[in-house]
Amino acid sequence: MRPYQRLFMIASPSLRHTPAMERAVAIARATDAALHIAVFLEEGDLLGRMAAGSALRQSMEQDAWTWLRDEAAQLRHDGLEVSCEVQVSRHVMADMLEHVKEMQPDLVIKDVHHESALRRVFLTPPDWQLLRDCAAPLHLVSDMRCPLPKVVIAAVDTLHPDSQHTRISDRVIREANALAIQCDAELHLLHAWDVAQTQFADFGAGAVTMPGFNSEVRRSAQLAFEHLAEAHGVAESHRHFVTGPATHAIAEYAGQHRADVIVMGSSQRRGAAGVLGSTTEHVLQHLPCNVLAVRGQQDY
């Protein structure tokens, strides 16, 4: 495991302390990693608010610099290595991704927000694009029980037939373990086995109804899960093979065990419903904790 060396915090344009800021500072302090904090302002939004667009842009950019420099100065005074920037851009998402490519951070940290009436996480279109295209592990923070996570859960799928997904599972566990070790947190491994998924899909037309079929598939999935856990040195007491639809089972488990972070795999699948794959997408919107999304391979 390579210790964290550089963290990239995407700060809120609201210019205030947020859970993601608190988490980024805590991880930087625990790991001695350099912390780069950036505020991205959408040029189109600024110019559209007033007729005097240029004056508004300069005022908001100056406000952002003032706030950010004060924050960075205080953190440096506390012994952290901090750099900062404010960027006004017409293409904020492209600039964020370019920053990741150039910096090659160990972790990107950003806020997401709950819709209080529904208790769902609200993800903006830029959040979805970051989830799809960010090459570095992306930590989306929506809630904060304590600055450093205490319980980190790696959620894997041992039944997925794609070899790329197997590589994602390996990296999910590695990234979860790296976060847990550096934050002195517990690492748990979780697999949600959904019997409904074994009855359709690649088995031809209609459901498979052979006697004992589901039991055999479950045993195979659990054996693969145990092999994966053994390969990564996960303690037996921290291995959890649960039954039920993944969306519900993972969210329920995270809530019952007061998980601070769920680490899950992401992909670059295109299409309205394919940003992360349906399981990760739905789990992300309903989780009672924060998410660390991990791509299958490092491709800066």
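How many salt bridges does the structure hold? The structure holds 8 salt bridges (a side-chain nitrogen of Lys or Arg within 4 Å of a carboxyl oxygen of Asp or Glu). The model is predicted; local features require pLDDT of at least 70, side-chain atom pairs count only at pLDDT 80 or more, and totals for chains, interfaces and linings use all residues. Residues are numbered from 1 along each chain as its sequence is written, and side-chain values use heavy atoms, with hydrogens and water left out.

Confidence was examined next. pLDDT is the predictor's confidence in each residue, from 0 to 100. Its mean over the chain is 82. Of the residues, 76% reach 70 or more. Helices (H or I, at least four residues) and strands (E, at least two) are DSSP runs, numbered from the N terminus. Among these elements, strand S1 (residues 6-11) has the highest mean pLDDT, 97. Helix H2 (residues 43-49) has the lowest, 57. Over residues 199-211, pLDDT stays under 50. The model gives that stretch 10 contacts (heavy atoms within 4.5 Å) beyond four places in sequence. Residues 270-276 also have pLDDT below 50. Their contacts beyond near neighbours in sequence number 15.

Side chains of opposite charge can pair when their charged atoms come close. Lys 110 pairs with Asp 127, with the closest N and O atoms 2.6 Å apart. Lys 110 lies in strand S4 (residues 107-111) and Asp 127 in helix H5 (residues 125-133), so this pair ties together parts 17 residues apart in sequence. Both Lys 110 and Asp 127 are buried (under 20% relative accessible area; exposed is over 50%, partly exposed in between; 1.4 Å probe, protein chains only).

A further salt bridge joins the side chains of Arg 171 and Glu 175, at 3.6 Å from N to O. Both residues belong to helix H6 (residues 163-183). They are 4 residues apart, which means a separation of about one helical turn. Arg 171 is buried, with a relative accessible area of 5%. Glu 175 is buried as well, at 15%.

Arg 239 and Glu 230 meet through their side chains at 3.1 Å, N to O, in another salt bridge. Here Arg 239 is buried, at 13% relative accessible area. Glu 230 is partly exposed, at 49%. Shared partners link Glu 226, Glu 230 and Arg 239 into one salt-bridge network.

Arg 295 sits in the segment after strand S12 (290-294). Its relative accessible area is 6%, so Arg 295 is buried. The Arg 295 side chain reaches the backbone oxygen of Cys 134 at 3.2 Å.

In soluble globular proteins, nonpolar side chains tend to be buried together. A nonpolar core is a set of buried Ala, Val, Leu, Ile, Met, Phe, Trp, Tyr and Cys residues joined through side-chain atoms within 4.5 Å. The largest such core has 54 residues. Met 9, Leu 35 and Ile 37 have the most contacts inside it. H6 supplies the largest share of this core, 7 residues. At least three core residues come from each of domain 1 (1-145) and domain 2 (149-299); these bounds come from an automatic or database domain assignment. Leaving aside residues up to four places away in sequence, Met 9 touches several residues, among them Leu 35, Ile 37, Ile 109 and Asp 111. A second, separate core has 20 residues, including Phe 8, Ala 38, Phe 40 and Leu 130.

Conventions:
A polar contact is a pair of N or O atoms within 3.5 Å; within protein, one must be able to donate a hydrogen and the other to accept it, and residues adjacent in sequence count only if both atoms are side-chain atoms.
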